[in-house]
Amino acid sequence: MSEGSGESGAAAAPAPHWERRLPRKDLAAVHDVRAGLRALLARWGAPGRADTAELLVSELVTNALVHTDGGAVVTARLTGGPAASVKGRLRVEVRDFLSRHPTVRAPTPGPPGRNGERGMDTAATSGRGLLLVHALADGWGVRSHGVGKSVWFELDAREP
């Protein structure tokens with residue numbers, strides 16, 4: 001079957017995808033998620049794009065497991081049909097079961113504001129996950145569910 005052949009009886013090939021359910025607070029699962037995504041993306045994208053995807057999924061999974069009381073579900077899907085490995089788009093969603101939406105904390109060192117709030121401590125070892133997602137993803141967002149939410153990002157196979 002060729003792409004765009006217009007054959008009415010031919011079924012489209014399913015989009016390559018990967019999914020994993022993670023138990024609550026199982027931070028060791030981050031390694032397994034990275035390995036699963038790496039296998040899905042073995043022949044996808046320009047050099048470094050799969051590495052970026054691994055970094056971003058690590059951040060989202062860690063946030064879901066650290067900041068919620070439940071587990072998480074990770075889904076990764078390539079779109080673009082038969083040419084997905086060359087020019088497709090990767091979409092990764094990390095669903096958790098807490099309705100509160102995350103916020104990006106920009107690094108703003110300096111004295112506290114009027115409400116005593118500070119920006120991110122530039123020497124901190126955490127708190128940069130969504131900032132990385134915002135900076136490196138081609139698109140990202142949060143989608144509410146009946147129970148919980150999905151935080152997602154997308155990357156094109158080639159850098160824009």
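User: Anything to know before we start?
Analyst: The model is predicted, so local features need pLDDT of at least 70, side-chain atom pairs count only at pLDDT 80 or more, and totals for chains, interfaces and linings use all residues. Residues are numbered from 1 along each chain as its sequence is written, and side-chain values use heavy atoms, with hydrogens and water left out.

User: Ok, at what angle do H1 and H2 cross?
Analyst: Roughly 145 degrees, for H1 (residues 29–40) and H2 (residues 49–67), and their axes come within 9 Å. Axes are lines fitted to C-alpha atoms, for helices over the stretch in contact, and angles run from 0 to 180 degrees between N-to-C directions. Helices (H or I, at least four residues) and strands (E, at least two) are DSSP runs, numbered from the N terminus.

User: Which H1 residues meet H2?
Analyst: Val30, Val33, Arg34, Leu37 and Arg38 do, and their H2 partners include Ala53, Leu55 and Val61. Contact means heavy atoms within 4.5 Å.

User: Switching to the sheet: what's the strand order?
Analyst: E1-E2-E3-E5-E4, an open sheet of five strands with antiparallel pairing. Two strands pair if DSSP finds at least two bridges between them.

User: Why is one side of E1 and of E4 left without a neighbour?
Analyst: E1 (17–22) and E4 (139–144) stand at the edges, each with a single partner strand, so one side of each has no neighbour in the sheet.

User: And how many bridges link E3 and E5?
Analyst: Eight, between residues 89–96 and 149–156. Glu93 stands opposite Trp152 in E5.

User: Which strands does H2 touch?
Analyst: H2 packs on the sheet, touching E1, E2 (72–79), E3 and E5.
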